[in-house]
Amino acid sequence: MTEDLFAHAGAREAAAAMPLAARMRPRSLDEFSGHADLVGPGAPLRMALERDEMWSVVLWGSPGTGKTSLARIAASMTKRRFVELSAVSATVRDVRGVIAQAASDRDLYRKRTLVFLDEIHRFNKAQQDVLLPAVEDGVIALWGATTENPYFELNAPLLSRMRVLRLQPLEAGDLRVIVRRALDSPDVLGQDAPRFEAEAIEQAVAASGGDARVALNWVESAAAFARERGLLTVDAALATQAALTRQVRYDRAADEHYDTISAFIKSVRGSDPDAALFWLAKMLEGGEAPEFIARRIVILASEDIGNADPQALPLAVAAASAVERLGLPEARYALSQATIYLASAPKSNAAGRALGAAEQAIRQGANVDVPLHLRGAAHPGLAEAHGQSVGYRYPHDFAGSWVAQEYMPGKQRFYDGRGGGQEGELWRRIQERRTRPPTAGIDPDRP
């Protein structure tokens, strides 16, 4: 009896020492906030769990979106033995042991098993293959959690036997519910917990980035800070003072990297300098390599602006050079300057479209033989015996440095001049030359 009392007291102390985010894990779907499309009333996953049905799923989402909590609730609702593994530390031997135990429990006791594998994307191909027969035969229900794109990280055979459930970052309303539940729960923050003003709660919600764990850590930090100073109320100013610097959710080789640079490119292309600066700031705060950003800026200058503003490319190249010469933090200013200029500049993708049209013509069988009068004649015998370069008209010998002349076989037209800014004037000159007669610029008395 004494041992039981000590064990109970020890469990209470251990629970009290857990971070607030761990103590506030929901224990049922009624306590679970967010993802109503999956687990709200009448949602497919909720209905399956209520019918005691279990799928093998991949929970794909950012940190703090409830992946682990949802798996634990699912195991509880379906009365399954819950086994939690981390792909960071688990070995193939560990996995085989879990599968063997699950098979034994099923055959001897009719007890089913839910295996939750955190960071499943960290398992290599061989490790993932060990799971496949057990999932296929129903020995285990496998719930894998990942922050990475499972369509790239998981083997196709395993992924085909699982349902991918995307958990988006939590909405502000869901985060408010989570934070208020923590503040309203007795003894969660202690009897002497300070009162949180609405502005402080909103600040925790806004700074969390859709991550419930971050929001609750923010609250816990502010409460401890207030308690140390003998304050009874946490306002927005105190919350700001107590909180650590926000960690931007970002990676340099996976979804956040590609999604953010995509948003940056599309904001510049869409001529929104404020949005472009926002995504630039996120990349810099997240630790993105400035050289990568600079390369994208140089590409944008030609791909989306081109001859609508010919100064865009030199400016972009200069920014890339500044990054190379200065590094961070000083190169931030060059990246910002180039981003604002490119986002504000007139746009044209005519250069890329024209090149694409020319490449398509070649792929479709256009004549690629260089006409004789355009070929080089580095040796006199090439001109005398083979006619190379014979008949070529040197444009600078004619008025305006232009003369009517065929420069390729066929009459294909690839460049259409559609674009803003200075491209209109460029297109006007091209059109004017195209409409001149074939003898334009030629002096009939000139040999």
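Keep in mind that the model is predicted. The protein chain has 447 residues, and 39% of them count as buried. It contains 21 helices and 7 strands.

**Overall picture**

- Take the contacts between residues at least 6 apart in sequence: 72% of them join residues at least 24 apart.

**The sheet and its helices**

- Five strands make an open sheet with parallel pairing, in the order β2-β3-β4-β1-β5.
- The edges belong to β2 (81-86) and β5 (163-167); each has a single partner strand, so one side of each has no neighbour in the sheet.
- From one strand to the next, the twist averages 20°.
- Strand β1 (residues 57-61) pairs with β5 in the parallel sense over 5 bridges. If you want a residue pair to look for there, V57 has R163 in β5 as its bridge partner.
- Helix α5 lies across β1, β2, β3 (113-118), β4 (141-146) and β5, and runs at about 175° to β3.
- Helix α6 (residues 92-109) also packs on the sheet, where it touches β2 and β3; its direction makes about 170° with that of β2.

**A closer look at R72**

- R72 sits in helix α5, which spans residues 67-77.
- With 36% relative accessibility, R72 counts as partly exposed.
- Leaving out residues up to four places away in sequence, R72 touches R25, F82 and E84.
- R72 and S28 are 44 residues apart along the chain, while their C-alpha atoms are separated by 8.9 Å.

**Salt bridges**

- The structure holds 20 salt bridges, and here are some to click on.
- R81 and D105 meet through their side chains at 2.9 Å, N to O. This pair links distant parts of the chain, with R81 in strand β2 and D105 in helix α6, 24 residues apart.
- E53 and R51 form another side-chain salt bridge, at 3.1 Å from N to O. E53 is partly exposed, with a relative accessible area of 34%, and R51 is partly exposed too, at 48%.
- R429 bridges to E425, with the closest N and O atoms 3.9 Å apart. These two are 4 residues apart in helix α21, so about one helical turn separates R429 and E425.
- Both ends of that pair are partly exposed, R429 at 36% relative accessible area and E425 at 38%.
- D30, R46 and E50 go beyond a simple pair, as they are linked in a network of salt bridges.

**A nonpolar patch on the surface**

- Three tyrosines, Y392, Y394 and Y407, form a nonpolar patch on the surface, with about 330 Å² of accessible area together.
- Y407 is placed in the loop between α20 (380-386) and α21 (423-434).
- The relative accessible area of Y407 is 43%, which makes this residue partly exposed.

Notes. Residues are numbered from 1 along each chain as its sequence is written. This is a predicted model: local features need pLDDT of at least 70, side-chain atom pairs count only at pLDDT 80 or more; totals for chains, interfaces and linings use all residues. Side-chain values use heavy atoms; hydrogens and water are left out. Buried means under 20% relative accessible area, exposed over 50%, partly exposed in between (1.4 Å probe, protein chains only). Contact means heavy atoms within 4.5 Å. Patches are made of residues with over 30% relative accessible area and no salt bridge: like charges are joined within 9 Å, nonpolar side chains (Val, Leu, Ile, Met, Phe, Trp, Tyr) within 5 Å. Accessible areas come from the Shrake-Rupley method with a 1.4 Å probe; for residues, only the protein chains shown count as cover. A salt bridge is a side-chain nitrogen of Lys or Arg within 4 Å of a carboxyl oxygen of Asp or Glu. Two strands pair if DSSP finds at least two bridges between them. Axes are lines fitted to C-alpha atoms, for helices over the stretch in contact, and angles run from 0 to 180 degrees between N-to-C directions.
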